[in-house]
Amino acid sequence: MRNTTMTLPTAFPAVMWGWKELLGLCKINVVAVMLVCTAVGMALSTSGLPPFGNVVYGLLGIGLASCGAAAFNHIIDRRLDVLMSRTSHRPIASKRLPVKIAIIWASLLSFAGIFLLAWQVNLLVALLTAASLIGYALIYTAFLKRATPQNIVIGGVAGAAPPLLGWVAVTGQITPEPLLLMLIIFAWTPPHFWALAIHKYEDYARAGIPMLPVTHGIPFTRLQIWLYGWLTVLTTLMPVMIGMSGPLYLFVVLCLNARFMFWNWKVWRGQDAQAPIKAFWFSIRYLLGVFGALLLDHYAAALAW
């Protein structure tokens, strides 16, 4: 029997994308950090355990919408991504995934997340999540990122929303406490991203993105990281000032702040070329540590009662 080899006609080219490329649009690692902050917001909103359904549907809906926003970010930034070594491997930039498929995928994720929140959680959290999606995917990515070196500061409002969304998913209302949690992330965002911008200075300059190191120079950016670092420290102490957290949180956050400012000091001095990227990676662990300490203190206080 003669062996034959089947080949697809040229009119039907082989599909070069799959679930790996679709998931690659979702920035799973970033969304995971956001969902941790969301879950902490849920837990802090009540003295006991938050309702199981609100937690499950809330995290799922916010997670889907966040993945949708990340996918839209890939779509809008695809031409810039090609110019940067950090992003040139992304599914759309590397042409492994067609733009039309990406748009459908991003739209489905976004709609599913917001619809699930409105259906199973509450309308307010659905509206706030939609506003955050628009703020990140359109206002920040399509406009602010290309328009001003303060893009990170202004656009940080959308990125700081997770704990507020978590709180509202359980309570259905906005109160000062989740706004304070939001303020912590808002203050943390500039030193976090500007450290990366220093490390990837050549990428941003080549792509023509007006990040602070490109427009105002690296020494000025180092100073801003140092100053915003202290602002972050101040905001992380405010939960204790208003009685939202107690001694356990204070002890942990003081230790975290000492390490956080050590790396910001290393960046400010400018004598270690690897300090910015090390500060960037530590800042992620720092934020998770701060919110973890809030959670630990909250339930330790509840058990003490």
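Aspartate 203 counts as buried because its relative accessibility is 4%, below the 20% cut-off for that class. This value, like the others here, comes from a predicted model. Aspartate 203 sits in helix H10, which covers residues 201–207. Apart from neighbours within four places in sequence, aspartate 203 has contacts with Leu83, Met84, Ser85 and Arg86.

Two helix pairs are described next. Packed helices are characterised by the angle and the distance between their axes.

| Helix pair | Residues | Axes come within | Crossing angle |
|---|---|---|---|
| H3 and H6 | H3 52–76, H6 123–147 | 10 Å | roughly 15° |
| H8 and H9 | H8 162–171, H9 176–199 | 7 Å | roughly 160° |

With an angle of roughly 15°, H3 is roughly parallel to H6, because angles under 35 degrees fall in that class. The crossing of H3 past H6 is right-handed. On the H3 side the contact involves Ile62, Ala65, Ala69, Ala70, Phe72, Asn73 and Ile76, and on the H6 side Val125, Thr129, Leu133, Tyr136, Ala137, Leu138, Thr141, Ala142 and Arg146. Sorted by class, the H3 contact with H6 holds 12 nonpolar, three polar and one charged residues.

For the other pair, the angle of roughly 160° makes H8 roughly antiparallel to H9, because angles over 145 degrees are classed that way. H8 also passes H9 in a right-handed crossing. Pro163, Leu164 and Trp167 of H8 meet Glu177, Pro178, Leu179, Leu181, Met182 and Ile185 of H9. The H8 contact with H9 comprises eight nonpolar residues, no polar residues and one charged residue.

Note on methods:
Residues are numbered from 1 along each chain as its sequence is written. This is a predicted model: local features need pLDDT of at least 70, side-chain atom pairs count only at pLDDT 80 or more; totals for chains, interfaces and linings use all residues. Side-chain values use heavy atoms; hydrogens and water are left out. Helices (H or I, at least four residues) and strands (E, at least two) are DSSP runs, numbered from the N terminus. Buried means under 20% relative accessible area, exposed over 50%, partly exposed in between (1.4 Å probe, protein chains only). Contact means heavy atoms within 4.5 Å. Axes are lines fitted to C-alpha atoms, for helices over the stretch in contact, and angles run from 0 to 180 degrees between N-to-C directions. Angles under 35 degrees count as roughly parallel, over 145 as roughly antiparallel, 65 to 115 as roughly perpendicular and the rest as oblique. A crossing is left-handed if the near helix is turned anticlockwise from the far one by less than a right angle, and right-handed if clockwise. Ala, Val, Leu, Ile, Met, Phe, Trp, Tyr, Cys and Pro count as nonpolar, Asp, Glu, Lys and Arg as charged, and the others, Gly among them, as polar.
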